Amino acid sequence: MNDSDWNPRLHTVPSEIPLPKNEGDFERMCVQVYGVVFEDPKPKINGRRGQAQGGVDVFVNAKSIGRIGVQCKKYFKIELEFKHVDDEVKKADKYKTPIKILIIATTSPSSAPLLHQVQVMSDAREAQGLFTVEVEFWEDIENRINSFNALLDSYAPHSAGAAYHRLEQKLDSVLPRPDSIPLPAIQYMPRPKALRSYQPGELTQLINLFRHNSTARMTC
């Protein structure tokens, strides 16, 4: 995770994320969310509707873990139950889906009893050398989104984190590469610090400074 992607100081008041309208929207959300969370720039949707998917809708690769499968469960009038989790695990076992972890991502609200059942199942599977199982309820997914400014920009565009992300992108577009700055000019530039340490006014001044430097092409 890049330091610039995650900024806890901006997230003291978490944003409420609207539920996706349909299963397709939720699947696309899971592709983006878990791609960002696990730092996989190329998460994969597993096939298309009507095909056997082996209990997995989305694949992501995590450097320290390996391949992770995500099963997306968007519910309207019912909630996720243990039998739904068990069914998806059995599908993945049947098709020998090559994953290290199966995440059941759902729009259902948190359930302590269900979480306990899944944890017991996962521990038993781990002891047998099988892939483990996790469940992420809607509150967990909201927490994921609130932890990454890039995700907030997509799902809560009016939040502080989203504004921070857009400003960061703007800075990236105007700040010169270090090897493009003439050495004599460097001594006149402010000492850099972590981007999240700047106040909004300081960031504006910094943008203007580098715009001037890149336009004027300072020389000795």
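## Report on a predicted protein model

Buried residues make up 40% of the 220 residues in the protein; buried means under 20% relative accessible area, exposed over 50%, and partly exposed in between, with a 1.4 Å probe and protein chains only. This is a predicted model, in which local features need pLDDT of at least 70 and side-chain atom pairs count only at pLDDT 80 or more, while totals for chains, interfaces and linings use all residues. Residues are numbered from 1 along each chain as its sequence is written, and side-chain values use heavy atoms, with hydrogens and water left out.

**Confidence**

The mean pLDDT of the protein is 80, and 67% of its residues reach 70 or more. pLDDT is the predictor's confidence in each residue, from 0 to 100. Contact means heavy atoms within 4.5 Å.

Where pLDDT is low, the predicted coordinates should not be read in detail.

**Overall layout**

The protein has eight helices and five strands. Helices (H or I, at least four residues) and strands (E, at least two) are DSSP runs, numbered from the N terminus. In order from the N terminus, the elements run α-β-β-β-α-β-α-β-α-α-α-α-α. Of the contacts between residues at least 6 apart in sequence, 70% join residues at least 24 apart.

**Helices H2 and H3**

Helix H2 covers residues 82–94 and helix H3 covers residues 112–127; their axes come within 10 Å and cross at roughly 25°. Axes are lines fitted to C-alpha atoms, for helices over the stretch in contact, and angles run from 0 to 180 degrees between N-to-C directions. The crossing angle makes H2 roughly parallel to H3, a label for angles under 35 degrees, with over 145 being roughly antiparallel, 65 to 115 roughly perpendicular and the rest oblique.

From H2, the contact is made by Phe-82, Val-85, Asp-86, Val-89 and Asp-93; from H3, by Leu-114, Gln-117, Val-118, Met-121 and Arg-125.

**Val-118**

Val-118 lies in helix H3. This residue counts as buried because its relative accessibility is 1%. Leaving out residues up to four places away in sequence, Val-118 touches Phe-82, Val-85, Val-133, Glu-134 and Val-135. Val-118 and Val-133 are 15 residues apart in sequence, and their C-alpha atoms are 6.8 Å apart in space.
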